[in-house]
Each structure stands twice: as C-alpha cells, then as structure tokens.
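Grab a pencil and work through a few exercises on the protein shown here. Try each task yourself before you read the solution.

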Amino acid sequence: MATQNLLQRLDAAADTTGSSASASDRRIEEVFVAAADITAGQAVSLDYTQGTDSDKALKVKPTDAGGAKLYFCVGIALEAASIGDPVRVCIRGICEANVAAATVAGDVLQAGTVAGELAVRQVTVDEGGAAQFTLLPIVAVATEAAAAGVATVYVLPNF
C-alpha cells in the first residue's frame, strides 16, 4: 500500500507539541512482505527470485552486494520481521540503519558485502590518477558516525 507524502506541519523538533517529535521529518514508509528473516535497521532489496512479477515487487530480503547479487536496495527495515510477515520500510527520509563500523557523518552509502549492512562507497584510483567508483546504487547518506554498527542515515528515494 502506498503512503502519501502530505506535509501537515512545519514544526522544528524543539517546537513540536503535537502528536510526535518527528512530525516534520518527512519520512516515507512502505509495507512489504519479508521473503527472509529481517532485523530492524537492515537494508532491504526487492526479491527478484520470486516466481511471479507481482511478488518481485512485494517481497524483500536483506540487501547483499556479496554473492547474493541483491544490489537494488529499496530502503531500511524499521522493524524485525519473519518470513511471510509484513515489514515497514523507510523508502525516503531519516532512520537508523546498520552500517559499516568506519562510517562517519557525510559518507555516501551503498550495499555492503554483509547482508543488510550499508558500506561506505568505495573509491579507487586508476593508473592515470582518475577516481573510479564501484557501480552499486547509492542508498543513503550518513548523518552521524557509526556507533556499534548503527547510524542515523538519510535514505535516498529508490523506490
């Protein structure tokens, strides 16, 4: 089910006296179905191994840039879910995410080789001195340094 992106308030966090301290955080969430066990904070991707096209757009599992080839991250799981359970996913905005330990504020993040974890975008330099990037999609930008493998990130819209 698609959420709506209606802005109801323009309160700064310090001024919020209404329903929530995050009334104006503008986060967008979608509900998917877990195709594998998912923990809160994991980056999740559409499950292209599903038999029907509609299930490929409905079911998600932890993103893995290693052997599983699940690169297209749609967002960050906001809660834990078991196989077959619904799971809320932040598809744009601020949330807590599992990230590589070396993450600092401002780092551009992409799928990592650890399932469900975002890694700092890898940059190498070729023989001519030009920067070469890995060609995985950018998922988020860290808004703080990692603490115990978790950081607040801004998820970029990919879904």
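The exercises below go from the whole chain down to single residues, and the model they use is a predicted one.

**Exercise 1. Describe the overall build of the protein chain: how many helices and strands does it have, and in what pattern do they come?**

Step 1: Count the elements. The protein chain has 1 helix and 11 strands.

Step 2: Read along the sequence. The pattern is β-β-α-β-β-β-β-β-β-β-β-β.

Step 3: Look at burial and surface. Of the 159 residues, 36% count as buried. The accessible surface comes to about 8,500 Å², and 56% of that belongs to carbon and sulfur atoms.

Step 4: Check the contacts. Take those with a separation of 6 or more: residues 24 or more positions apart account for 60% of them.

**Exercise 2. Find the aromatic pair and work out its geometry: stacked, tilted or edge-to-face?**

Step 1: Recall what to look at. A pair of aromatic rings is described by the distance of the centres and the angle of the planes.

Step 2: Find the rings. The structure holds 1 aromatic pair, made by Phe32 and Phe159.

Step 3: Read off the values. The centres are 5.2 Å apart, and the planes are at 70°. Angles over 60 degrees count as edge-to-face, so that is the label for Phe32 and Phe159.

Step 4: Phe32 is in strand E1 (residues 28–34), while Phe159 is in the segment after strand E11 (150–155), 127 residues apart.

Step 5: Compare their surroundings. Phe32 counts as buried because its relative accessibility is 2%, whereas Phe159, at 47%, counts as partly exposed.

**Exercise 3. Explain why Cys95 is in no disulfide.**

Step 1: Start with the whole structure. A search finds 0 disulfides.

Step 2: Check the distance. The nearest cysteine sulfur to that of Cys95 belongs to Cys90, 3.9 Å away.

Step 3: Cys95 counts as buried, because its relative accessibility is 4%.

**Exercise 4. Trace the salt bridges of Arg88: which partners does Arg88 have?**

Step 1: Remember the idea. Side chains of opposite charge can pair when their charged atoms come close.

Step 2: Get the total. The whole structure has 5 salt bridges.

Step 3: Find the partners. Arg88 pairs with Glu29, with the closest N and O atoms 2.7 Å apart.

Step 4: Join things up. Shared partners connect Arg27, Glu29, Glu79 and Arg88 into one network.

Step 5: Arg88 is partly exposed at 30% relative accessibility, and Glu79 is partly exposed at 25%.

Terms used: Residues numbered from 1 in each chain as written. Predicted model: local features only at pLDDT ≥ 70, side-chain atom pairs only at ≥ 80, totals over all residues. Heavy atoms only, no water. Phe/Tyr/Trp six-rings, centres within 6.5 Å; stacked < 30°, edge-to-face > 60°. Helix = DSSP H or I, 4+ residues; strand = E, 2+ residues; numbered from the N terminus. Buried < 20%, exposed > 50% of the residue type's maximum accessible area, 1.4 Å probe, protein only. Disulfide = S-S within 2.5 Å. Contact = heavy atoms within 4.5 Å. Areas by Shrake-Rupley, 256 points an atom, 1.4 Å probe, with all protein chains shown as cover. Salt bridge = Lys/Arg side-chain N within 4 Å of Asp/Glu carboxyl O.
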